[in-house]
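Trainee: I have this one open on my screen and would like to go through it with you. Can we start with the charged side chains and then move on to the sheets?
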Amino acid sequence: PWKPKNVLKEKSPLWKLAMQGMAFFVRKMDGYGCILVKDSGEFKAYTLNARANMHPDGTLLERLPLVRMWIDVAGSLIPDGTMLLGEIVPDEEDMQAAGCYEYVASVLKQKVDGAVEAQDEDAYLGIYLWDILLWANHQVGRTEPYRNRIALLCDLVQSAESGKPTTGLAHALIHGANYSKKIVNAIDLLPTVPALIEPQLVSISSRCPDPISYVLELIRINEWEGVVVADPDAITPNHAWSMSSRPTRPSAFAKLKRFVEDDFIAVWDPDKGAGEWGVGKFAGLAGSVDLYQYKKNIPIYCGRCGVGFSHQMRKELVEEHKGKPFVIQVAFDGWTSKGKLVNPRYSRTRTDKATSDCRYSGPA
């Protein structure tokens, strides 16, 4: 399924739409991507590369007891032939800030019993919904504008929480899934747990002169991973669908993320295990450097960076910097709990800084 472009480019049509206050800003969760499918009365959950079974045993859905509870109570609200895109995240709001991926991954990699026990002790996992690919065998991703798909997801979640189909969901079941009015009117559910979480759209005032800066500040204050900027009228084109899990990213969707910049000691000496040689078109050049910062005069390893270097810079690393630490400025999305950078990319070389100026800024 489609993925948003990694960066919202300034002056692009989507950027202009956002600056006019006419784009959607949909909160992006730092979870584990999944596809929830209902077919022939059965539900299955898949990873984004189409795996239903998880190592070392059992299925992805078996590791999600809260979602299975939702299905038992409200599964009839979803017709056969439906495919929902989502992100597996903790159901507790205070755990949904940037960095929740680590918790989700630690739970899902366990055996089924261990995964359930881990959630009993901390937080259960739900599915944050962000798109519909199929609805009752209709390819709504290719035919319905994004605003309609988002609205249907919200109706689905709200209907389950209230116990009765909303007007919007009733319409979608009658006209899109061939449910009769009698069947829809007879649906009377117990209100259920919010295991399927509706998309969170950021509200922008019509008087806001710079919506993008406003949303970036919200991301920073709330410690969100970021948002996806979306054209509400967009459908996802054919090139955005692939069975390889590497589809072409459509221009109607782009990530808008906060990031941090800091100075790091860069070390490239692959013969001694520091950094790597390049591969493919970068063969014979530097591939990545190791990054360090000092903490009480002790160099702390902060991860590896191989993104953002020009061809000339990779060549200079080989010819001038092998075994000679120097300072670079790195942009990144945050820190893991183990003190490694998330998505580091090279910004520039700091010839005005000494390696001793690079003080550790990560977690304790």
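Trainee: Is Lys322 buried, partly exposed or exposed?

Mentor: Keeping in mind that this is a predicted model, Lys322 counts as partly exposed, because its relative accessibility is 36%.

Trainee: Which side chain does Lys322 meet in a salt bridge?

Mentor: The partner is Asp271, and the N to O distance in this salt bridge is 2.7 Å. Asp271 sits in the loop between strand E9 (260–267) and strand E10 (276–277), while Lys322 sits in the loop between helix H10 (311–320) and strand E13 (326–332), so the pair ties together parts that are 51 residues apart in sequence. Asp271 itself is exposed, with a relative accessible area of 57%.

Trainee: What about Arg304, what does it form a salt bridge with?

Mentor: Arg304 pairs with Asp290, and their closest N and O atoms are 2.6 Å apart. Arg304 counts as partly exposed at 33% relative accessibility, whereas Asp290 is buried, with a relative accessible area of 4%.

Trainee: And how many salt bridges are there in the whole structure?

Mentor: A search of the whole structure finds 13. Some residues are linked in a network of salt bridges, namely Lys28, Glu225, Lys257, Asp333 and Arg345.

Trainee: Why does Lys28 count as buried?

Mentor: Lys28 counts as buried because its relative accessibility is 16%, which is under the 20% cut-off. Glu225 also counts as buried, at 16% relative accessibility.

Trainee: Switching to sheets, what is the strand order in the sheet that holds E1?

Mentor: That is an open sheet of three strands in the order E1-E7-E8, with antiparallel pairing. E1 and strand E8 (253–256) are the edge strands, each pairing on one side only, and the twist averages 30° from one strand to the next. E7 and E8 pair over four bridges in the antiparallel sense, and within that pairing the bridge partner of Val229 is Ala254 in E8.

Trainee: Which strands does H9 touch there?

Mentor: H9 packs on this sheet and touches E1, E7 and E8, its direction making about 55° with that of E8.

Trainee: And the five-stranded sheet, what is its order?

Mentor: It is an open sheet with the order E3-E2-E4-E5-E6 and mixed pairing. Strand E3 (42–47) and strand E6 (196–197) stand at the edges with a single partner strand each, so one side of each is left without a neighbour in the sheet. Two bridges join strand E5 (residues 125–134) to E6, and these strands run parallel; Tyr128 has Ile197 in E6 as its bridge partner.

Trainee: Where does helix H3 pack?

Mentor: Helix H3 (residues 100–108) packs on the five-stranded sheet, where it touches strand E2 (32–39), strand E4 (82–90) and E5, and its direction makes about 105° with that of E4. Helix H6 (residues 146–162) lies across E4, E5 and E6, running at about 140° to E5.

Technical notes: Residues numbered from 1 in each chain as written. Predicted model: local features only at pLDDT ≥ 70, side-chain atom pairs only at ≥ 80, totals over all residues. Heavy atoms only, no water. Salt bridge = Lys/Arg side-chain N within 4 Å of Asp/Glu carboxyl O. Buried < 20%, exposed > 50% of the residue type's maximum accessible area, 1.4 Å probe, protein only. Pairing = 2+ DSSP bridges. Contact = heavy atoms within 4.5 Å. Axes fitted to C-alpha atoms, helices over the stretch in contact; angles between N-to-C directions.
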